Amino acid sequence: MVQTDGGVLLKEEEHKEVAEVAQELQKYCVSEPVKCPLIFGEWDVAYCSRPTSPGGGYRSAIGRLFFNTKQMVQVVEAPDIVRNKVSLSVLSFLDVEVSLQGKLKALDGEWIQVIFEAPELKVGSWQVQYGGQSEVKLRITYVDEKIRLGLGSRGSLFVFQRI
């Protein structure tokens, strides 16, 4: 998945293969993964079935014409902090970083909700917050020492790989 730009470059058939493997792994998930300490740590967003779920418009078809994604990372810190960061390069010469910080709340043994503050855009030493709060809900379907799988409330499949 490393060479797929977070899943963007996969063909439909390959997306189905990822979904099938994720479905199979769910069978081996610990009960109540939200309570499992393995969810904490620094994670690379290795795959998402919907390109704009991580990174928003910067990862849309038009956004990708101008913004090259260098890295997508999610850090989950105990007890309840989530930080998302997308590192981009604009027209291959200007580095940009978009980050979100939010508060994690367990909804049950599998579902979490994260309420994010307004995103922060950083270009060199210049930074600005824009937009408003956002909220996501994610069902953790599998977690181990190396991989975490999540299913977003709108159907996006996420594969996180521990850094």
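Me: Is glutamine 113 buried or exposed?
Reply: This is a predicted model, and in it glutamine 113 is buried, with a relative accessible area of 11%.

Me: Which strand is glutamine 113 found in?
Reply: Glutamine 113 belongs to strand E5, which covers residues 111–116.

Me: And what does glutamine 113 contact, leaving aside neighbours within four places in sequence?
Reply: With those neighbours set aside, glutamine 113 is in contact with Lys103, Leu104, Lys105 and Leu107, and also with Glu135, Val136 and Lys137. With glutamate 135 there is a polar contact of 2.9 Å between the two side chains.

Me: What else does the side chain of glutamate 135 meet, and at what distance?
Reply: The glutamate 135 side chain also meets that of lysine 137 in a salt bridge, at 4.0 Å from N to O. Glutamate 135 is partly exposed at a relative accessible area of 40%, and lysine 137 likewise counts as partly exposed, with 34% relative accessibility.

Me: How many salt bridges does the structure hold?
Reply: The structure holds 8 salt bridges. One of them, between arginine 139 and glutamate 110, has an N to O distance of 2.9 Å. That pair links distant parts of the chain, since arginine 139 sits in strand E8 (residues 134–143) while glutamate 110 lies in the loop between strand E4 (94–106) and E5, and the two are 29 residues apart. Glutamate 110 counts as partly exposed, at 35% relative accessibility.

Me: What about glutamate 24, which residue does it form a salt bridge with?
Reply: Glutamate 24 forms a salt bridge with lysine 27, and the closest N and O atoms of the pair are 3.0 Å apart. Glutamate 24 is partly exposed, with a relative accessible area of 37%, whereas lysine 27 is exposed, at 59%.

Me: Changing topic, where is glutamate 117?
Reply: Glutamate 117 is placed in the loop between E5 and strand E6 (120–123), and glutamate 117 is partly exposed, with a relative accessible area of 43%. Apart from neighbours within four places in sequence, glutamate 117 is in contact with Leu100, Gln101, Gln129, Gly132 and Gln133.

Me: Where is leucine 100, then?
Reply: Leucine 100 has its place in strand E4.

Me: What does leucine 100 touch, not counting residues up to four places away in sequence?
Reply: On that count leucine 100 touches Val82, Arg83 and Asn84, together with Phe116, Glu117, Ala118 and Pro119. For proline 119, which is 19 residues away from leucine 100 along the chain, the separation of the two C-alpha atoms is 4.9 Å.

Me: Which strands is E1 joined to by bridges?
Reply: Strand E1 (residues 41–48) runs antiparallel to strand E2 (residues 67–77), and 4 bridges join the two. E1 is also antiparallel to strand E10 (residues 157–162), to which 5 bridges join it. As for individual positions, glutamate 42 stands opposite valine 75 in E2, and tyrosine 47 stands opposite valine 159 in E10.

Me: Which residues make the nonpolar surface patch?
Reply: The patch, of about 680 Å², is made by Ile62, Leu65, Phe66, Leu91, Phe93 and Leu94. Phenylalanine 66 is found in helix H2, residues 63–66, and counts as partly exposed at 44% relative accessibility.

Me: Backbone next: where is the cis peptide bond?
Reply: The cis peptide bond joins alanine 78 and proline 79, with omega of about 0°. Proline 79 has its place in the loop between E2 and strand E3 (81–90).

Me: And what is the phi of glutamate 32?
Reply: Glutamate 32 has a positive phi of about 55°, although this residue is not a glycine. For context, most residues other than glycine have a negative phi, and most peptide bonds are trans. Glutamate 32 lies in the loop between helix H1 (12–26) and E1, and is partly exposed, with a relative accessible area of 41%.

Key
Residues numbered from 1 in each chain as written. Predicted model: local features only at pLDDT ≥ 70, side-chain atom pairs only at ≥ 80, totals over all residues. Heavy atoms only, no water. Buried < 20%, exposed > 50% of the residue type's maximum accessible area, 1.4 Å probe, protein only. Polar contact = N/O pair within 3.5 Å; in protein donor to acceptor, adjacent residues only side chain to side chain. Contact = heavy atoms within 4.5 Å. Patch = residues over 30% accessible without salt bridge, like charges linked within 9 Å, V, L, I, M, F, W, Y side chains within 5 Å. Areas by Shrake-Rupley, 256 points an atom, 1.4 Å probe, with all protein chains shown as cover. Pairing = 2+ DSSP bridges.
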